[in-house]
Every structure is written in C-alpha cells, then in structure tokens.
Amino acid sequence: MAVVARVLVLLAVVFSAFDYSSPETARWIFALVPQHVFHSPTHRSPLPFVWNVLTCHFFDSSPLKSAVILPICFVFAKRLEELWGAFALAQYLGFSLALAGCCGLVYRIVLFAATANAKDFFLPVRGTVGLLTALAVGMAHAFPLTEAGVGGVKLPRLLTFRLKSMPMAVVFTAIFGGVVSPVAFADAPFGTGAIFFAWLHIRYMMAFPAAGVLGDHSRDWQFNQLLPWICAWPVKVFGKLLKFLVSMCGSCFEIRQGATAAPLYSSLPVSDRAQKDLRVAKGFAYDARRTKALAYLDQNIADLSGKASALEPPGLEMV
C-alpha cells in the first residue's frame with residue numbers, strides 16, 4: 001500500500017484547491033515568503049512561518065506544470081516506497097525538500113541583496129520541481145539503468161534516456177524555463193538544492209537493512225555520476241581537492257593533539273576483534289552492491305516466472 005505516494009497526492013490536491021479557491025491566503029500561509037520565515041506576519045502567531053520551506057513544494061503556480069509533474073511524482077514515490085519502505089521514503093523526502101526550500105530561501109535573500117528590490121523579499125514562491133527532482137534522484141539510485149517510458153511504452157530512440165540522467169534533465173529544464181518564464185519556473189532553485197541534498201541523504205544517511213550499512217559509499221554513487229560529462233570532471237576535481245584539504249587539516253590536528261600519547265598507544269597490540277572489524281568495514285561497500293544486485297535479479301526472475309505462468313494455456317503443464 002503506497003501510503004507516502006497517496007499522502008503526497010492528497011497534499012498536492014488540497015494545497016492546489018486551496019490556492020485556486022483562496023489564492024491570497026494559501027500563498028500567505030504555505031508558499032515560501034522570505035519575510036514570513038524570519039518574522040511572523042500576524043500577531044496571532046508569535047512564531048515565524050518556518051514550515052514554508054517544506055510546504056512550498058506541494059503546489060504550483062502553473063496548473064499545466066502541476067498536471068504534468070504530479071502524476072510522475074506519484075509513480076516515482078510508489079516505486080520507491082515499494083523498495084525502501086514508507087518510513088525511509090518519508091525521511092528522505094523530508095530531509096531533501098526542507099533543505100531544498102532553504103536553498104530557495106537563500107537564493108531569494110541573495111537576489112534581494114543584489115537588486116535591492118523589496119518585491120523579491122515578499123514574493124511568494126511555490127512549485128513542484130524540488131519534489132520531482134528529489135524523487136528522480138531516488139529513482140536514479142534504485143534503477144540507474146532503467147530507460148524512461150510512459151505506461152510501459154518506451155519512448156522513441158531519440159527521446160530515450162536512462163533514469164540516472166533524469167535529475168539533471170529536470171534541473172536543466174527548470175533553469176531554462178526560469179529564463180523563459182520566470183513566474184512559472186520561480187521554483188528552479190528548489191531543484192538545484194534538491195539534487196544535492198537528495199544525493200547527500202542517500203550517500204551518508206540512508207539505512208540499507210539488507211546490506212547492514214548506513215549510506216551508499218560506493219564509487220557508483222558519487223555526485224559527479226549524476227552530472228553530464230562536461231560538468232562531471234570539474235566537480236570531481238573540486239571534490240578531491242576539498243577532501244585532500246580536509247584530510248590534511250584532520251591529520252595536523254591529530255598530530256598536534258596526540259603527539260604525547262603516540263608512544264603509549266603505539267606499544268599496545270591490535271586486538272583480533274579490531275582487525276576483524278576493519279576487514280568487515282572494507283567489504284561493506286562491495287557487499288551492499290552485491291546484495292542489491294541479487295535482490296534485483298531475484299525480483300526480475302520472479303516477474304518473468306509470473307508472466308510465463310500467465311501465458312501458459314489451461315490444461316497444459318510446462319516441461
């Protein structure tokens with residue numbers, strides 16, 4: 001039962017209906033308004049409207065865009081919930097969308113500081129691009145080699161792409177739409193933030209009970225794998241440089257703090273348990289990918305077996 005997928009559709013329908021029936025109130029309460037996040041607009045609520053960074057993802061300024069995106073979000077959420085479970089998917093979406101909303105908030109503040117236009121600080125922003133991007137990142141992790149299709153029908157060869165390329169396709173489309181129509185695609189910064197924080201959650205925070213690991217630290221799930229080749233290598237170089245600088249700072253700190261304690265610890269023998277834990281930790285990444293591949297293989301075999309039994313004529317036995 002797709003609980004999270006149904007809740008997403010229900011929230012989108014309720015918020016959209018509220019937006020069309022009473023637009024001023026809906027945008028005032030649920031859309032992202034930078035001024036409302038820092039200061040409450042009414043004396044009835046002493047707390048700022050901090051929930052705006054999350055609720056702004058569930059309804060859109062364009063009915064056409066909403067009609068195209070929401071069915072795709074429902075299908076993606078349903079597939080991910082079947083694979084991850086409702087609680088894991090809810091955690092994933094909550095983390096990704098909240099921080100994506102914060103990215104949109106920072107963008108609005110920077111835009112206000114650069115242009116000195118007060119309208120940017122009070123303009124309500126909402127859109128479903130961040131929600132679609134977060135779900136697309138999840139699909140890129142779960143089904144990286146699956147080709148996109150509509151209702152089981154594959155797209156023409158020219159329009160065919162794998163789900164691993166979909167997050168950046170959504171982000172680039174939103175950015176291009178923001179240049180063409182800034183009002184309809186005012187939520188383009190949500191997609192830019194969602195693609196990074198969704199990847200970050202899967203990389204370091206998501207639990208995989210079947211493999212017994214926390215996060216996917218394999219080379220197949222590096223951030224540059226989600227980018228086109230022209231953008232991948234600068235990000236990879238920057239990431240390696242940042243990792244080198246952080247490791248150098250950590251090494252200097254450890255040398256400075258543990259200079260006196262080094263002779264004491266160096267004389268202690270390493271226990272068999274510590275060596276075993278080290279060997280297990282090294283095999284975690286491989287075991288996680290192997291367990292995931294075997295689970296997909298079992299699922300595909302079961303699907304093929306079900307289709308073969310359905311095609312079998314009545315009264316005959318398959319040899």
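Predicted model: local features only at pLDDT ≥ 70, side-chain atom pairs only at ≥ 80, totals over all residues.
Local features need pLDDT of at least 70 and side-chain atom pairs count only at pLDDT 80 or more, while totals for chains, interfaces and linings use all residues. Residues are numbered from 1 along each chain as its sequence is written, and side-chain values use heavy atoms, with hydrogens and water left out.

The structure contains four salt bridges, a salt bridge being a side-chain nitrogen of Lys or Arg within 4 Å of a carboxyl oxygen of Asp or Glu. One of them joins Arg-27 to Asp-19, at 3.0 Å from N to O. Another joins Asp-19 to Arg-126, at 3.6 Å from N to O. This second pair links distant parts of the chain: Asp-19 is in helix α1 (residues 3-21) and Arg-126 in the loop between α7 and α8, 107 residues apart. Helices here are DSSP runs of H or I with at least four residues, numbered from the N terminus.

Burial is read from relative accessible area with a 1.4 Å probe and protein chains only: buried is under 20%, exposed is over 50%, and partly exposed is in between. Asp-19 counts as buried because its relative accessibility is 2%, and Arg-126 is buried as well. Arg-27 has 27%, so this residue is partly exposed.

Lys-65 and Asp-60 also form a salt bridge, with their closest N and O atoms 2.8 Å apart. Asp-60 is buried because its relative accessibility is 1%, and Lys-65 is buried at 9%. Shared partners join Asp-19, Arg-27 and Arg-126 into one network of salt bridges.

Glu-81, in helix α5 (residues 63-84), is buried but has no salt bridge. The nearest side chain of opposite charge is that of Arg-6, 7.4 Å away; in this count Lys and Arg are positive, Asp and Glu negative, and His and the chain ends are left out. A polar atom of the Glu-81 side chain lies 3.3 Å from the backbone nitrogen of Ala-5.

Helix α10 (residues 188-205) is mostly covered, with 14 of its 18 residues buried. From first C-alpha to last, α10 reaches 25 Å, close to the 26 Å expected at 1.5 Å a residue.

On the surface, Phe-172, Ile-175, Phe-176, Val-179 and Val-180 form a nonpolar patch with about 540 Å² of accessible area together. Phe-172 belongs to helix α9 (residues 166-180) and counts as partly exposed because its relative accessibility is 41%. Nonpolar patches join Val, Leu, Ile, Met, Phe, Trp or Tyr side chains within 5 Å, from residues with over 30% relative accessible area and no salt bridge.

Technical notes: Patch = residues over 30% accessible without salt bridge, like charges linked within 9 Å, V, L, I, M, F, W, Y side chains within 5 Å. Areas by Shrake-Rupley, 256 points an atom, 1.4 Å probe, with all protein chains shown as cover. Helix = DSSP H or I, 4+ residues; strand = E, 2+ residues; numbered from the N terminus. Polar contact = N/O pair within 3.5 Å; in protein donor to acceptor, adjacent residues only side chain to side chain. Expected span 1.5 Å × (residues − 1).
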